[in-house]
Amino acid sequence: MTREIFQPSGQIQFGIFFQGVNSGTIWKAAESGSQTDFESFRHIAQTAERGKFAAFFLGEGLRLREHLGRPHALDVVGRPDAQTMLAALAAVTRNIGLVATQNTTYNDPADLAHRLSSLDLISGGRAAWNIVTTDNAWTGANFRRGGYLDHADRYKHAEAFVETAKRIWDSWETAVGPARRVFHEGQHYTVDVTPRLPRSAQYRPVLFQAGDSPDGRDFAARQADVIFSAHPKFDAAVEFRRDIVARSIAAGRGANAVQIMPASEFILGATDQEAQEKKAWVRSLQIGPQQAIAYLEQFWGRELSSYDPDGPLPEIDPVVEETSETRGSGFHGAKARQLADQWRAEAKDKGLSIRQFVISKTARIDSTFTGSYTAVADHLAQYARVGAVDGFNISPWLIPTGLDEIVNHLVPELQERGVYPTEYRGSTLRENLGLETPARSEDPAQV
Amino acid sequence: MSTSEARKAGFLAIELDGAGHENLATAVLAAESAGFHAASFKDTPEAGRTNALQRAAFAGPLTRTIAVVPEVDTVYTEPFHVSTQLASLDYVSGGRAGWIATAAESPEAAAAVGRSFAQGEALAQEAAASIEVGRRLWDSWEDDAVIRDVATGRYIDVDKLHYADYETPAGFAGTAYSVKGPSIIPRPLQGQLPVLAAASLVGEGLVPADAVDAVLVSAPTPELLSAEIVDVRSRLGASVAIVAELDVVLDSRGQSAASRQVPPSESGHARFVGSATALTELLDSLLQDADGVRLHPAVLDVDLEELSRLVLPELRRRGALRAPVQDGTFRAVLGLAPAENRFSTTAAATVAAGK
Ligand SMILES: Cc1cc2nc3c(=O)[nH]c(=O)nc-3n(C[C@H](O)[C@H](O)[C@H](O)COP(=O)(O)O)c2cc1C
């Protein structure tokens, strides 16, 4: 069997992405619980574990999202620190992986590597790091360094950071030490440390990567175990797999070296019709009238509260000068006017109101699986057969009960089809994902 | 104090580092059922020692009564991260978290993060800055900022969120910095976590006494400890609680403490070596002056067993210990009033009204 040819595992796994911050989680329904109480996290994590989920994910955002110069008021906001929460969840779960999203710009490599090792040891080998690469000065205003990193340096910096972390994790010759000193001198920081922690049961934390640019994909192909991708639709997933396999081989790793778990949302019912009705209800609560207006305001850069959410898109033009990073991504300068024209034409064409248009534009639409338990299970089984993905990272639209029907009804269907685990393979995340023990990186003492 | 007046009951904390991370659950549950009011976790750069804050977080959901109090350095950490992590600890422990703010005087810690080595007065300045950032960020969401108002579609009331806008003061010995805020997590359950620091870090020209809720006092011997408590009390005033630090080696399992061959400690704390009865006397007398005592057992499971069986029950019988409260807060253990929010719109109105 050659390492140059991708072998589908025939299986899929689930992760749960407790978002904590967004418009995707409904807070307006009577069933919506707290986003910060520990009980919400416990319920979700323990339900996921009952459903043999591979991993529990927490995202990260190091500054509150703003809207027209003030914190954004409409969506769920405010969430606990990922590793602190995961250390607490380690005490009340046994098998599920614990994944912390942590960026490489506003952390120190020695400190972050140490804390991830700690989480890995405390959880008995279940920790993982979802590597993200925030670089904006706006986030930097909360940190000692300020906004110090150029956009172009993002992944260069991330790579040096991850290499250093790996050398720190690899520095203990055996499980009992002693450690070898790790030294790194880089453009942005110098690290000189004698690591304090031994290897965990899974050797070192599993590495996830989230980021989609060509640089991001190459970085993942070189460094990561799993990609938290943005491509759940079947054709896009197959294409993304092909791309990652090619990049992994080019990076000198095997075709199967990097697993892929796209972000996803599930809206299920006993019948397709029930699921479709539920979807309409979910969308109406995710994007209310005020959110629809606020969404356009982000791109228009001005107040639009006098517009009717059930009427057509605003005829006035966006304010271009005010464009800033606080107004969300993918939107710069003159593009604003162009985009507004395009959107107005599109909405008019399809006969959509502001609200309908915004619902149609929200990215999550593309990541949604809607249907009866059996139909969705059949669909997912196809992914498993061709190896389009290794699993899905599910964002529940309701906290804390949003996983209940997935675990109670979808998981058994998948298990019946033989494409989903019926038991945890082992006690570590690495074992449960079926990842190989990583080779020790070259002489850790080397600069 | 007149004899008819009930004595002020104190509290006991225990340092749980001896449990490592493998036996943490057992140790913290044993400490809780023994009736300790708080468990603390050290953050020293010892080989094999996992992160103190994460151990405290792990202990949080396993317990209902005992406070969980990690040491967290202020010099080589990011104040924004530290504030968020501690607020999160308060959530996972149901309002039983505290913070022992330390200032690492360590060239190794500096080199690890590529910063220049801080010494002398710079240490207290870094600690003071970090504590101030933490406190401002904890207050940056008012308690009722999450409104979930379906009619207006607002999840939060933006008027109840505030920028921390912290800047290090002029003449700051370290590298100057600023922190914008608001926090990325709502106000902790306790409003403000109790902050503790070594007495040597607190005072005029150091960390201001009103920035901390309690100080940790140590002396070279048990005999000198009482005098030191009185000294610190007169230096810092009555508003800061005093926690005496004591290493303990007890007679146990048929062995006298002196014969247990416990290696000398470099903690700098007074060390008690002897019987449970004699320790009970010492603690009873320390708790007359101090608000609490933190015990550092020489061998955790051995000494904890003796403390639990012989020492705490007798202290409770004498009325020297306050009753642990299930689902209580760490603030309540320290006798602190609910924390007012510095940014609170209602508090500001009260001040304006000339209260
Ligand atoms: C599925 C997915 C989830 C992400 N989650 C986070 C997150 O929780 N926090 C964060 O700061 N960035 C997150 N990111 C952003 C990425 O880390 C990265 O900064 C961004 O995608 C830009 O990198 P790129 O140009 O390579 O795509 C996420 C990205 C993706 C695709």
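**Around the ligand**

A: In chain A, helix H5 (154-169) and strand E10 (226-229) each give at least two residues to the shell around the ligand; helices (H or I, at least four residues) and strands (E, at least two) are DSSP runs, numbered from the N terminus. Please keep in mind that this is a predicted model, where local features need pLDDT of at least 70, side-chain atom pairs count only at pLDDT 80 or more, and totals for chains, interfaces and linings use all residues. Residues are numbered from 1 along each chain as its sequence is written, chains are lettered from A and ligands numbered from 1 in the order in which they are written, and side-chain values use heavy atoms, with hydrogens and water left out.

The ligand has 15 residues around it, and A:Glu60, A:Val132, A:Tyr155, A:Asp212 and A:Ser213 come nearest; a residue is near if one of its heavy atoms lies within 4 Å of the molecule. By class, the shell holds four nonpolar, eight polar and three charged residues. Here Ala, Val, Leu, Ile, Met, Phe, Trp, Tyr, Cys and Pro count as nonpolar, Asp, Glu, Lys and Arg as charged, and the others, Gly among them, as polar.

Now for some atom pairs. A polar backbone atom of A:Glu60 is 2.7 Å from a nitrogen atom of the ligand. On the side-chain part, an N or O atom of A:Thr134 is 3.3 Å from a ligand oxygen atom, and one of A:Thr133 is 3.5 Å from a ligand oxygen atom. The protein buries 72% of the 620 Å² that the ligand exposes when taken alone, with areas from the Shrake-Rupley method and a 1.4 Å probe.

Conventions: A polar contact is a pair of N or O atoms within 3.5 Å; within protein, one must be able to donate a hydrogen and the other to accept it, and residues adjacent in sequence count only if both atoms are side-chain atoms.
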